[in-house]
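Look over the sequence and the 3D structure before reading on. The paragraphs below begin with a pocket and then turn to the whole chain, its sheets and a few single residues.

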Amino acid sequence: MAVIGAGAAGFMAAIAAAESGARVTLYNSHPLPGLKILMSGGTRCNVTHAVVGPESFHGGSRPAIGLVLKSFPADAVRRWFEARGVPLKEEPGGKLFPVGDSARAVVAMFEAELDRLGIRRRFGHPVTSMTRRDGVFHLDTPAGTDSARAVILTSGGLSYPKTGSDGSGYRLARGMGHAITPTTPALTPLVLAGGALFDLQGLTLPAALTLRIDGRRRVTRAGSLLLTHFGLSGPAALDMSRHWLGAPSGADRRIFVHWRPGPARSLADGGGLVDPPGA
Ligand SMILES: Cc1cc2nc3c(=O)[nH]c(=O)nc-3n(C[C@H](O)[C@H](O)[C@H](O)COP(=O)(O)OP(=O)(O)OC[C@H]3O[C@@H](n4cnc5c(N)ncnc54)[C@H](O)[C@@H]3O)c2cc1C
């Protein structure tokens, strides 16, 4: 079996396949695997959350995500990591981090698992094209062509292409006949063209942002709002970015800031949405 991409998804897929008895080769474009894991959670790696439900995910089919979560729920994830020497601690708000506050411990554990299970590494080997003949996949890399009976494609999204996640996986999937859902940037700060808010840069305040499209309220996101030299950041702005970017082109889209938002709801009750007075 070939697993294409040694990020969080590829490590887990390769380990699960090898534990089920498959002979696995793990490919990665970048010579270093798991670079996004190392960046995650401010280099501490927020491994999971105490409560994870389908409503925590954006995009994809909720029932399908529900099935995945049912087969590997958050408490099982916690036990999985602990059994492999990475105990997790829960922080206020429910986020789970390695006890040692180090994303490196997570990548080191994954690499140790590759050794334990005899998974072959092909790091620094991008898969440039893939074909299938007579039930066998042929994977082209700069070092030659390899064969596999099955392929798991875990090549990441489009963010941080320097990690090797450059979208080539979408091309490989398309070449195999898969349809690709259009991608949208998400969890990005919002850049302002100008205005009085720049005078407040450096402040972090609890606030709620409401997006109106053609005058109609579409979504409200509440949380910390960080006023920066370029615009808005912090959880409220980051959460809002995909809605802003996903608005239909040509629509009149505006974001309103509520400086005194109503009470936030818990994650289990709608993901932090609020109904600020007057919104
Ligand atoms: C700054 C930052 C902070 C984050 N913090 C958190 C957090 O705290 N908690 C959390 O859960 N998530 C966090 N995330 C999100 C999380 O890091 C990603 O969702 C996750 O790492 C994605 O894993 P992946 O395996 O799907 O993809 P990736 O990590 O992108 O891995 C894909 C791999 O595939 C390889 N690849 C791509 N194309 C090919 C090819 N053609 N051939 C061979 N190899 C290929 C790449 O080199 C790459 O190593 C954060 C992300 C960022 C950027």
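What volume does the second largest pocket have? In this predicted model, the volume of the second largest pocket is about 210 Å³. Pockets are found on a 1 Å grid over the protein atoms alone: a pocket is an open set of points with protein on both sides within 12 Å along at least five of seven lines, whereas a cavity is a set of points where a 1.4 Å probe fits but cannot get out. Grid points are joined across faces, edges and corners, and the volume is the space filled by probe spheres set on the points.

A lining residue has an atom within 4 Å of a point. The lining of the second largest pocket is made up of L190, V191, L192, L197, L232, W244, R253, R254, I255, F256 and V257. Sorted by class, this lining holds nine nonpolar, no polar and two charged residues. Here Ala, Val, Leu, Ile, Met, Phe, Trp, Tyr, Cys and Pro count as nonpolar, Asp, Glu, Lys and Arg as charged, and the others, Gly among them, as polar. Strands β11 (190–191) and β15 (253–258) each supply at least two residues of the lining. The most comes from β15, with five residues.

The numbering and the limits of the model need a word. Residues are numbered from 1 along each chain as its sequence is written, and side-chain values use heavy atoms, with hydrogens and water left out. As the model is predicted, local features need pLDDT of at least 70 and side-chain atom pairs count only at pLDDT 80 or more, while totals for chains, interfaces and linings use all residues.

Now take the whole chain. It has seven helices and 15 strands; helices (H or I, at least four residues) and strands (E, at least two) are DSSP runs, numbered from the N terminus. Along the principal axes, the C-alpha atoms fill a box of roughly 60 × 45 × 35 Å. Of the 279 residues in the chain, 34% are buried. Buried means under 20% relative accessible area, exposed over 50%, and partly exposed in between (1.4 Å probe, protein chains only). A contact means heavy atoms within 4.5 Å. Among contacts between residues at least 6 apart in sequence, 57% join residues at least 24 apart.

Next come the sheets. Strands of a sheet pair through backbone hydrogen bonds, either parallel or antiparallel. Two strands are taken to pair if DSSP finds at least two bridges between them. The antiparallel strands β4 and β5 (residues 95–98) are joined by three bridges. In one of the pairs, L88 has P98 in β5 as its bridge partner.

Another open sheet has three strands in the order β7-β8-β9, and its pairing is antiparallel. Here β7 and β9 (144–148) are the edge strands; each has a single partner, so one side of each lacks a neighbour in the sheet. On average, neighbouring strands of this sheet are turned by 25 degrees against each other, direction ignored. Five bridges link β7 with β8 (residues 136–141), and R132 has F137 in β8 as its bridge partner.

Single residues complete the tour. T128 sits in the loop between β6 (120–123) and β7 (129–133). Is T128 buried or partly exposed? T128 is partly exposed, because its relative accessible area is 37%. Leaving out residues up to four places away in sequence, T128 touches D140, T141, P142, R171 and L172.

E113, in helix α5 (residues 103–117), counts as buried because its relative accessibility is 6%. Beyond residues up to four places away in sequence, E113 touches I15, E19 and R84. S233 belongs to strand β14 (residues 231–233) and is buried, with a relative accessible area of 12%.

Notes: Axes are lines fitted to C-alpha atoms, for helices over the stretch in contact, and angles run from 0 to 180 degrees between N-to-C directions.
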